[in-house]
Amino acid sequence: MAELAVGLGLRSGTHADSIVAAVREVLGDNPISCLATIDRRMGEPGLRDAAAELGVSVQGYSAAELADVPVPNPDARIATAVGTGSVAEAAAILAAGHGTLVITKRIVAGVTIAAAQRASD
């Protein structure tokens, strides 16, 4: 399988070990190109440390950018909280260059994970 862009939804203060464990539980040993989330989480130490441990970059998107992406599982509660119905699925799709969502959102220990594959050129 090609490298996957991994979208994340997480609470402030989530530790790196929780993020890495959730990513590995959902993706196994599949290669990862980046972690992606809402821009307000970009400065989270746990996210930064998880990306460093996984050897990937972190990409952030505004709520407006995320809200423009059609996703299979929007959540009204998330929309009320952060201004978009999807963080993990939409961030994964955007980070994969509007690629194909191959893993819909799954929640592991409070971390929401989704993954997308870059569209073929």
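## Ground rules

Because this is a predicted model, local features need pLDDT of at least 70 and side-chain atom pairs count only at pLDDT 80 or more, while totals for chains, interfaces and linings use all residues. Residues are numbered from 1 along each chain as its sequence is written, and side-chain values use heavy atoms, with hydrogens and water left out.

Helices (H or I, at least four residues) and strands (E, at least two) are DSSP runs, numbered from the N terminus.

## The parallel strands

Let's start with strand E2, residues 32-38. Six of its seven residues are buried, so E2 is largely enclosed by the rest of the structure. Here "buried" means under 20% relative accessible area, "exposed" means over 50%, and "partly exposed" is in between (1.4 Å probe, protein chains only). E2 pairs with strand E1 (residues 4-9) in the parallel sense, over four bridges; two strands count as paired if DSSP finds at least two bridges between them. One spot to look at is Ala-5, whose bridge partner in E2 is Cys-34. To get from E1 to E2, the chain goes through helix H1 (residues 16-27), and this β-α-β crossover is right-handed. That label means that, with the strands pointing away from the viewer, the path from the first strand over the helix to the second runs clockwise.

E2 also runs parallel to strand E3 (residues 57-61), and five bridges join them. Across this pair, Ile-38 stands opposite Tyr-61 in E3. The chain passes from E2 through helix H2 (residues 45-54) to E3, in another β-α-β crossover that is right-handed.

## A closer look at H1

How far apart are the end C-alpha atoms of H1? They are 16 Å apart, which agrees with the 16 Å that twelve residues should span at 1.5 Å a residue. The expected span is 1.5 Å times one less than the number of residues.

The buried residues of H1 are Ala-16, Ile-19, Val-20, Ala-22, Val-23, Val-26 and Leu-27. Looking down the helix axis, you'd find them within an arc of 160°, so they line one face of H1; the arc is that of the directions from the helix axis to the C-beta atoms. These buried residues pack against E1, E2, H2, E4 and E5. On the face turned away from the buried side sit the exposed residues Asp-17 and Glu-25.

## The hairpin

Strands E4 (residues 100-108) and E5 (residues 111-117) pair in the antiparallel sense over six bridges. Thr-100 stands opposite Gln-117 in E5. Two residues lie between the strands of this hairpin, where Ala-109 takes a positive phi near 50°. Ala-109 counts as exposed, at 72% relative accessibility.

Is Ser-86 buried or exposed? Ser-86 counts as buried, at 7% relative accessibility, and its place is in the loop between helix H4 (76-82) and helix H5 (88-95). Its side chain reaches the backbone nitrogen of Ala-90 at 3.1 Å. Ser-86 also touches Leu-66 and Val-71, not counting residues up to four places away in sequence; a contact means heavy atoms within 4.5 Å.

His-98 lies in the loop between H5 and E4. His-98 is exposed, with a relative accessible area of 58%. Its phi is near 60°, a positive value in a residue other than glycine.

Methods. Polar contact = N/O pair within 3.5 Å; in protein donor to acceptor, adjacent residues only side chain to side chain.
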